[in-house]
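Hi everyone, thanks for making the time. I'd like to walk you through one model today, so please have a look at it first.

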Amino acid sequence: MDNANTQITGYKDTPIIELGDDIFEVSRYIQGLARFIVHCDTPMTVAIQGDWGSGKTSMMNMVRASVKNDVMDIWFNTWQFSQFDFQNGLAAALFNNLLDALACGKDTKDRVLRVVKGALKTAMVVGTEMIAGGTMAQRVEDLQNQNALEAFSELLKLKNTFQSAIYAKLEAEGKDRLVIFIDDLDRLQPEKAVEFLEVLKVFLDCDRCVFVLAVDYEVVTQGIRQKFGELVSAEKGKSFFDKIIQLPFKMPVAQYNIGGYIESMLRNMRLECDAAELNAFTSLIVRSTGRNPRTIKRLFNAFQLLDIISSDALGASVKNKQILFGILCMQFAYEPLYNYITANISDLNEETFKDIISPAKPEVEAELTDLLNVRDKKQMERIRGFCEVFLETLQLDDDASLSEDELRNFRNVLLFSTVTAVGNENGEVAQEGKNWSLRSRNRRVVKSVNGKIKKKYKRDFSLFQIRKERENYAFSDACGEICTSSKRNPEIKFWFQYKIYSNEGRIEVLVSVWSGSASVSGQRLTAAIKESPGFDDIGFTEWDWGFEKIILSSERDEEGALADEIFQALRPILDAVF
């Protein structure tokens, strides 16, 4: 990969206009939808469905460009009008646009708009009763109770007026049908979007008309719940959607050729990639933010900014740029994971990632699930898949493990990413109220003490820290522990643990010993170890499960000196027990 000075471009969130700009190579879907619109029976309503930023407006623009020679078309953007909070304003704006496009006279226009503004509620009653499942007799009774039958009659006349105007305009234009594109419905408040759809169904169910709407099914169902209450069933919501929409068209996001899109963005930054390097960038995106074009643009804007900021410190290393990009993908898609990694920056090792990818114990997986705010198994699988790809990105050589040099390089790159993270005024990453710095310090101290124990006593203590606070363990606590037996009583297995924790500004160390076997009670364990010389001098507190003692309360801050002090405090106990 060749890296020259970064070209600063930035990426605007503007939709594609022309079919020739089909950067995701989905022309078969565009042309297929365009042919359907030109030749389908009418009236017809098409819903282009997809998440925000998935390219619905671009799709509608390219479809419009494809059909413009065969149909008469009108474009209406609901977002532009929805910012004004006045009753029925959105429907009135739509009708005003339609009347202008149909070249209706002033008298017709005034009469239609007057009916729209005065009788919209009546249309709503009919439409909403159909959703709620009421009978026609009930609807008529409701209309009578509202003294609105006269207004409803005006609505029927309004539809006939529109139909006549459509026929006249199409004949004058020499076209077969009118296609009305309505964009950004899913940017409306869900309840308002539902009301707007009700208007379309009641007013505009006209022959030789095709409506193409940018709307997401989830927005419709949410709006129905807001309008009629949470007790409305999913079937009711689907029934309403099916009555409004004859053809649902899901954005083919999974078919997007984002490789070419990413390659063009990297080239704009003067980063020329070979196939393997491009695949690495693409894999990071697919495993994190996904194929949403708007999100990819935001990701690359942040990447350009951090590339500029870090260029002096990180130099022209392409590998570091890939690592920085991967960190951004993590930050955008898995913020709790990013916060966890950043907070443990001084203690990062290969096990940090392996615990996430393949936890050794169920309790480790449960704690990580809570710590990373994982909602379900599917999300956890996505996080694991991303971590696997990210680990490959961190490699500076061809082996599969993370060396100290690779971890050190990762930490260096990671520091620059906090500029685009959600944090406090000092640029520190938000840590959700947990004392990460104290946790990391205690972890390092335990590692040091464990090393001293191994050298002196030939015992391999492991490090233990919880990820979710529970009884008797705080988030910042760190423990050294081993399941073993004494030389004097090799048949009795027991757990030996020392815990470092904070108490009113001081560091304290608690030693606990308990049975490592269901067949050995705490009392039997205590009785057996009491035989050890020097045990009585230590002064343990005995419990049913074993015994414990606070062996140290220190004000030391320097880690090396604290580790020495803890080790010296542990020695009389280790001598007695082992």
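**Aromatic pairs, then the sheet**

Let's start with the rings: this predicted model has 18 aromatic pairs. Rings of Phe, Tyr and Trp (its six-membered ring) pair if their centres lie within 6.5 Å; planes under 30 degrees apart count as stacked, over 60 as edge-to-face and the rest as tilted. One of the pairs is Phe24 with Tyr256, which is stacked, with 4.5 Å centre to centre and 15° between the planes. That pair links distant parts of the chain, 232 residues apart: Phe24 is in the loop between β1 (2-3) and α1 (27-39), and Tyr256 is in the loop between β6 (247-250) and α11 (258-268). Helices here are DSSP runs of H or I with at least four residues, strands are runs of E with at least two, and both are numbered from the N terminus.

Buried means under 20% relative accessible area, exposed over 50%, and partly exposed in between, with a 1.4 Å probe and protein chains only.

Next, Phe353 and Phe390 form a tilted pair, 6.0 Å centre to centre with 45° between the planes. Phe353 belongs to helix α16 (residues 350-357) and Phe390 to helix α18 (residues 377-394), so the pair ties together parts 37 residues apart in sequence. Phe353 and Phe390 are both buried. Ring pairs also join Tyr334, Phe353, Phe386, Phe390 and Phe410 into a cluster.

A quick word on the ground rules. Residues are numbered from 1 along each chain as its sequence is written. Since we are looking at a prediction, local features need pLDDT of at least 70 and side-chain atom pairs count only at pLDDT 80 or more, while totals for chains, interfaces and linings use all residues; side-chain values use heavy atoms, leaving out hydrogens and water.

Now, charges over rings. A charge sits over a ring if NZ of Lys or CZ of Arg is within 6 Å of the ring centre and within 35 degrees of the ring normal. Arg439 lies over the face of Phe475, 4.3 Å from the ring centre. The charged end of Lys499 is over the ring of Tyr501, at 5.3 Å from its centre.

On to the sheet. Which order do its six strands take? This open sheet runs β8-β9-β10-β11-β13-β12, with antiparallel pairing. Two strands pair if DSSP finds at least two bridges between them. At the edges stand β8 and β12 (541-542), each with a single partner strand, so one side of each has no neighbour in the sheet.

Let's follow β9 (residues 478-484): six of its seven residues are buried, so the strand is largely enclosed by the rest of the structure. Strand β8 (residues 462-464) pairs with β9 over three bridges, and Phe464 has Cys479 of β9 as its bridge partner. Strand β10 (residues 494-503) pairs with β9 over seven bridges, with Glu481 opposite Gln497 in β10. Further along, β11 (residues 506-515) and β13 (residues 546-554) share eight bridges, and Glu508 stands opposite Ser553 in β13.

Finally, the overall picture. The protein chain has 23 helices and 13 strands, and 50% of its 578 residues count as buried. Happy to take your questions!
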